[in-house]
Amino acid sequence: MPCHPPVTPNDPFAQLARERRSVRGFLPTPLNDDTVLELLQLARLAPSGANLQPGHFWVLRGPIRQRLTDRLVHAWKNGQQETEDYGYFPQPMPMALKRRQVASAQALYGALGVAREDRAGRDAHFERNFHFFDAPVALLVTMEHAFGSGGYMDLGMALYGLMLAAQSRGLGSCAIGALASYPGLIRQTLGLGDHVHIVCGVALGHPDPDAPVNQTITSRCEPEEYVRYLD
Ligand SMILES: Cc1cc2nc3c(=O)[nH]c(=O)nc-3n(C[C@H](O)[C@H](O)[C@H](O)COP(=O)(O)O)c2cc1C
C-alpha cells in the first residue's frame, strides 16, 4: 500500500492532511485577532481524556514577543543550556530514527541551499526559530505541569487541529519545539509560574510562496514500518 494514497476530489480531509507542511516563511500580512481565536477554538474541538482539555495557547504580541525573542537569541548565542520540562527524543536515538531525523534536516537545508558542513548557514536558520520565523502570529503552547504524558497527547491533537484549521484557510504554521530548550527563561520573561510547562511555540500566518524554505518536503515511512497485524 503506498504511504500517500491519491486524494479523491471528494475527500477534503485527505487533501488538507496531504497539503499541510511546516511553513517557515511568511508574508507580513497580519491576521486579525478574531481569525486567530477562531482557529484556536477549532483546535480545541480536539478530543481529550475525560474532556479535561489541557494546556494553554498564549498569543505573544508587541514588546513582549520582541523581548522574548531577544532573550532567547541571546541565551542561545551564549551557549546557555537548561533542562527541558519534558523529554522528547529517545536517548540515545536508535539508528532507524536517526535516519529519519537526518532526512528531515536534509530536506530543510536542501531547500535553503545550506550545505551540511555550513555551520554558520545552519545556525543562521536555526536562530529563526526564536523569531517565530517572523510570522505575523507567535503562539506559545504550555501545559499544566501536573499532567502526565496523556495530557501531552491531548494537547498534540489540539495542535494538529490548529495546523489543519490554518491549512483549510490557506494559512501556514510551524510548531517550534526549539523553544522548549529554554523553559526557565521563557517563564521568567513572561511572568509564568513554575507550574506552567513550556511545550513549544507555533508560528502562524500567510505562507510566503517565494520563500525557498517553504519548498521543504518531508516524506513518511511506509506502513510496513509502523502497522502491525496480530491475528
Ligand atoms: C512538536 C513539534 C515541534 C517542532 N519543532 C520544530 C522546530 O523547533 N523547528 C522547526 O523548524 N520545525 C519544527 N517542527 C516541524 C517538524 O520538523 C516537521 O513537522 C517535520 O519535519 C515533518 O515535516 P512537515 O511538518 O512539513 O510535514 C516541529 C514539529 C512538531 C510536531
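**Note on a predicted model: sheet, core and ligand shell**

1. Start at Val199. Not counting residues up to four places away in sequence, Val199 touches Gly55, Val141, Thr142, Met143, Leu155 and Ala180. This is a predicted model, so read every contact here as a computed one. Val199 lies in strand S4. Is Val199 buried or exposed? It is buried, because 28 other C-beta atoms lie within 10 Å and the cut-off for a buried residue is 20 or more. Leu68 is 131 residues away from Val199 along the chain, and the two C-alpha atoms are separated by 15 Å.

2. The sheet comes next. It is open and has four strands, in the order S1-S2-S4-S3, with antiparallel pairing. S1 and S3 are the edge strands, each pairing on one side only. From one strand to the next, the twist averages 25°. As a general point, side chains in a regular strand alternate between the two faces of the sheet.

3. Take the S1 side. Strand S1 covers residues 56-60, and five bridges join it to S2 in the antiparallel sense. Within this pairing, Val59 stands opposite Leu139 of S2.

4. Now S2 with S4. Strand S4 spans residues 196-205 and pairs with S2 over eight bridges, again antiparallel. Val137 has Leu204 of S4 as its bridge partner. Ala138 stands opposite Ala203 in S4. Thr142 stands opposite Ile198 in S4.

5. The other neighbour of S4 is S3. Five bridges link S3 and S4, in the antiparallel sense. Gly172 has Gly205 of S4 as its bridge partner. Ala175 stands opposite Val202, also in S4.

6. How covered are these strands? Strand S2 runs over residues 137-144, and seven of its eight residues are buried, so the rest of the structure largely encloses it. S4 is mostly covered, with 10 of its 10 residues buried. S3 is mostly covered too, with four of its five residues buried.

7. Which residues of the largest nonpolar core touch the most other members? That core has 37 residues, and the answer is Ala135, Leu139, Val141, Leu162, Val202, Ala203 and Leu204. Helices H2 (33-43), H3 (62-77) and H6 (149-168) each supply at least two of its residues, as do S1, S2, S3 and S4. In soluble globular proteins, nonpolar side chains tend to be buried together.

8. Leu139 is among the core residues with the most contacts to other members, and it is the residue opposite Val59.

9. Leaving aside neighbours within four places in sequence, Ala135 is in contact with Phe26, Ala203, Leu204 and Gly205.

10. Look at Leu27 for contrast. This residue is found in the loop between helix H1 (12-19) and H2. Leu27 is partly exposed, because 16 other C-beta atoms lie within 10 Å. Its contacts, neighbours within four places in sequence aside, are Gly205, His206 and Asp208. Leu27 and Gly205 are 178 residues apart in sequence, but their C-alpha atoms are 7.2 Å apart in space.

11. Finally, the ligand. Which residues surround it? They are Arg21, Ser22, Arg24, Ser104, Asn129, Cys174, Ala175, Ile176, Gly177, Ala178, Cys200 and Thr218. By class, the shell has five nonpolar, five polar and two charged residues. Strand S3 (residues 172-176) gives the most to this shell, with three residues.

Technical notes: Residues numbered from 1 in each chain as written. Predicted model: local features only at pLDDT ≥ 70, side-chain atom pairs only at ≥ 80, totals over all residues. Buried ≥ 20, exposed ≤ 12 C-beta atoms within 10 Å, placed from the backbone. Pairing = 2+ DSSP bridges. Near = placed C-beta within 6 Å. Nonpolar A, V, L, I, M, F, W, Y, C, P; charged D, E, K, R; others polar. Axes fitted to C-alpha atoms, helices over the stretch in contact; angles between N-to-C directions. Core = buried A, V, L, I, M, F, W, Y, C linked by C-beta atoms within 7 Å. Contact = placed C-beta atoms within 7 Å.
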